[in-house]
Amino acid sequence: MDKPRVLIHREEIEKKVAELADELRRDYQDKHPLLIGALKGSFVFMSDLIRKLNIPVEIYFIMLSSYGAGRETSGKIKLLQRVKTPIRGRHVLVIEDIVDRGLTLSFLLDYLGRRKPSSLKLCTMFDKPSRRVVEIPIDYVGFTIPDAFVVGYGLDLDEKFRYLPDLCVLEEQE
Ligand code: PRP
């Protein structure tokens, strides 16, 4: 049985979302950006961020193949649902919950980059650089976190714990 222990409290997360929103507002004020999130994990951060951003944006979600069950991942990524709007010439900002090995983002940045956006940047709430397999440029980071399995704030273990408002680590319990 895994028991969640709070690593980053919801109030710290809320404060960080506001800070990131201030930075993004300055950078994207007049650019009418496309915000693209990878389902499912990014939906919580996306919904918090756009309400703090308070500038006109368009929102899309992309569906990638699941990593599979448990804590480890297959490493194979497939696009299950593409972005249904032209990307060429648009300012694209990818919104992620976490960058771990970097495989998802590497795939996504490549897919979007080939569609010739005016600009392509990445904003992630959590970054776990110790696990990186592929180096990717991250433009906006909320928290850099240690190498522990984290859940909550959109992140799951086998579809459980996404709803937790804090970022938590799972601790083994008898
Ligand atoms: C998680 C997370 C990121 C990705 C990061 O998604 O939401 O998209 O893993 O891992 P990486 O940097 O090692 O590629 P997951 O595939 O578990 O699907 P989910 O968002 O539906 O939970």
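Modeller: Quick ground rule: helices (H or I, at least four residues) and strands (E, at least two) are DSSP runs, numbered from the N terminus. This is a predicted model, where local features need pLDDT of at least 70 and side-chain atom pairs count only at pLDDT 80 or more, while totals for chains, interfaces and linings use all residues. Residues are numbered from 1 along each chain as its sequence is written, and side-chain values use heavy atoms, leaving out hydrogens and water.

Colleague: What about lysine 15?

Modeller: Lysine 15 is in helix H1, and at 58% relative accessible area it is exposed. From its C-alpha to that of glycine 41, 26 residues apart along the chain, the separation is 20 Å.

Colleague: At what angle do H1 and H2 pack?

Modeller: Axes are lines fitted to C-alpha atoms, for helices over the stretch in contact, with angles from 0 to 180 degrees between N-to-C directions. Helix H1 (residues 10-28) and helix H2 (residues 43-53) pack at about 55°, their axes 9 Å apart. That makes H1 oblique to H2 (under 35 degrees is roughly parallel, over 145 roughly antiparallel, 65 to 115 roughly perpendicular, the rest oblique).

Colleague: Which residues make the contact?

Modeller: H1 brings Val17, Ala18, Leu20, Ala21, Leu24 and Arg25, and H2 brings Phe45, Asp48, Leu49, Lys52 and Leu53.

Colleague: Now the cores. Which residues touch the most other members of the largest one?

Modeller: A nonpolar core is a set of buried Ala, Val, Leu, Ile, Met, Phe, Trp, Tyr and Cys residues joined through side-chain atoms within 4.5 Å. The largest has 28 residues, and Ile13, Phe45, Leu49, Met125 and Phe126 touch the most other members. Elements giving two or more residues are H1, H2, E5, strand E6 (119-127), strand E7 (140-144) and strand E9 (167-172). H1 gives the most, six residues. Apart from this core lies another, of 19 residues, among them Ile36, Ala38, Ile62 and Leu109.

Technical notes. Contact = heavy atoms within 4.5 Å. Buried < 20%, exposed > 50% of the residue type's maximum accessible area, 1.4 Å probe, protein only.
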